[in-house]
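Let us walk through this structure one step at a time. Keep the sequence and the 3D view side by side as you read.

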Amino acid sequence: TFLEIKDVKIWARVGVLAEERKFGQLFSLDISLWSDFRICSNTDDLNSTIDYAVLINNIKTHSNNFSCFTIEKYSSEILRIIVEKFNPERIKIKLTKCNPPIAGFTGEVSIVRSFHRELS
């Protein structure tokens with residue numbers, strides 16, 4: 001069982017160009033989180049699940065104070081935020097730069113990252 005959050009819009013200051021890091025640009029984020037949802041399923045207790053509203057707000061707040069050159073680094077930051085707050089068993093994210101400033105290019109650029117918690 002996993003929780004899927006799709007198309008979270010984030011304004012972030014990530015890119016090689018100084019203007020990208022100064023003014024920011026639009027990113028889209030998809031998140032899949034694997035966890036044990038049995039307790040919440042039985043009790044309906046919000047404290048026993050992953051509160052996706054808190055998670056989305058944490059990521060958006062972080063982006064206001066963060067700047068870097070690469071989507072690889074930014075994706076690592078997103079994984080770190082998720083692990084520190086909720087420590088799920090497994091995470092998969094897809095971070096997409098919606099309008100990369102490349103002459104003659106009208107597509108998107110994405111990185112897909114995953115994390116697996118070491119089970120003891």
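**Charges along a helix**

The side chains of Arg80 and Glu84 join in a salt bridge, with 3.0 Å from N to O. Keep in mind that this is a predicted model. Side chains of opposite charge can pair when their charged atoms come close.

Now move on to Lys73. The side chains of Lys73 and Glu77 meet in a salt bridge of 3.6 Å, N to O. Both residues lie in helix α4, four residues apart, which is about one turn of the helix. The whole structure has six salt bridges.

How buried or exposed is each member of the network? Start with Glu84. It is exposed, because its relative accessible area is 58% and the exposed class begins over 50%. Lys73 counts as partly exposed, at 41%. Arg80 is partly exposed too, at 34%. Glu77 counts as buried, because its relative accessibility is 10% and buried means under 20%.

**From the helix to its neighbour**

Which residues does His62 touch, beyond those up to four places away in sequence? They are Tyr74, Glu77, Arg80 and Ile81. His62 itself sits in helix α3. His62 is buried, with a relative accessible area of 19%.

Tyr74 is worth a stop. Set aside its neighbours within four places in sequence. Tyr74 is then in contact with Ile10, Ala12, Val14, Ile59, His62, Ser63, Phe66, Cys68 and Leu95.

**The nonpolar core**

The largest nonpolar core has 26 residues. Tyr74 is among those with the most contacts inside this core, along with Leu29, Ile31, Ile59 and Ile82. Which elements give two or more residues to the core? They are β1 (2-14), β2 (25-34), α3 (52-64), α4 (71-86) and β4 (90-97). The largest share comes from α4, with seven residues.

Next, follow the strands. Strands of a sheet pair through backbone hydrogen bonds, either parallel or antiparallel. Here five strands form an open sheet with mixed pairing, in the order β3-β1-β2-β4-β5. The edge strands are β3 (67-68) and β5, and each pairs on one side only.

Look at β2. On one side, β1 and β2 pair in the antiparallel sense over nine bridges. Ala12 stands opposite Gln25 in β2. β2 and β4 are also antiparallel, with eight bridges. Ser32 stands opposite Lys92 in β4, and Asp30 stands opposite Lys94 in β4. Is β2 enclosed or open to the outside? Eight of its 10 residues are buried, so β2 is largely enclosed by the rest of the structure.

**A loop and a surface patch**

Finish at the loop between β4 and β5, where Pro100 is found. Pro100 counts as buried, at 9% relative accessibility. Leave out residues up to four places away in sequence. Pro100 then touches Gln25, Phe105, Gly107, Glu108 and Val109. Pro100 and Glu20 are 80 residues apart along the chain, and 9.3 Å separates their C-alpha atoms.

Val109 takes us to the outside. Val109 lies in strand β5 (residues 109-116). Val109 counts as partly exposed, at 31% relative accessibility. Together with Ile102 and Phe105, Val109 forms a nonpolar patch on the surface. The three residues share about 230 Å² of accessible area.

Methods: Residues are numbered from 1 along each chain as its sequence is written. This is a predicted model: local features need pLDDT of at least 70, side-chain atom pairs count only at pLDDT 80 or more; totals for chains, interfaces and linings use all residues. Side-chain values use heavy atoms; hydrogens and water are left out. Patches are made of residues with over 30% relative accessible area and no salt bridge: like charges are joined within 9 Å, nonpolar side chains (Val, Leu, Ile, Met, Phe, Trp, Tyr) within 5 Å. Accessible areas come from the Shrake-Rupley method with a 1.4 Å probe; for residues, only the protein chains shown count as cover. A salt bridge is a side-chain nitrogen of Lys or Arg within 4 Å of a carboxyl oxygen of Asp or Glu. Buried means under 20% relative accessible area, exposed over 50%, partly exposed in between (1.4 Å probe, protein chains only). A nonpolar core is a set of buried Ala, Val, Leu, Ile, Met, Phe, Trp, Tyr and Cys residues joined through side-chain atoms within 4.5 Å. Contact means heavy atoms within 4.5 Å. Two strands pair if DSSP finds at least two bridges between them.
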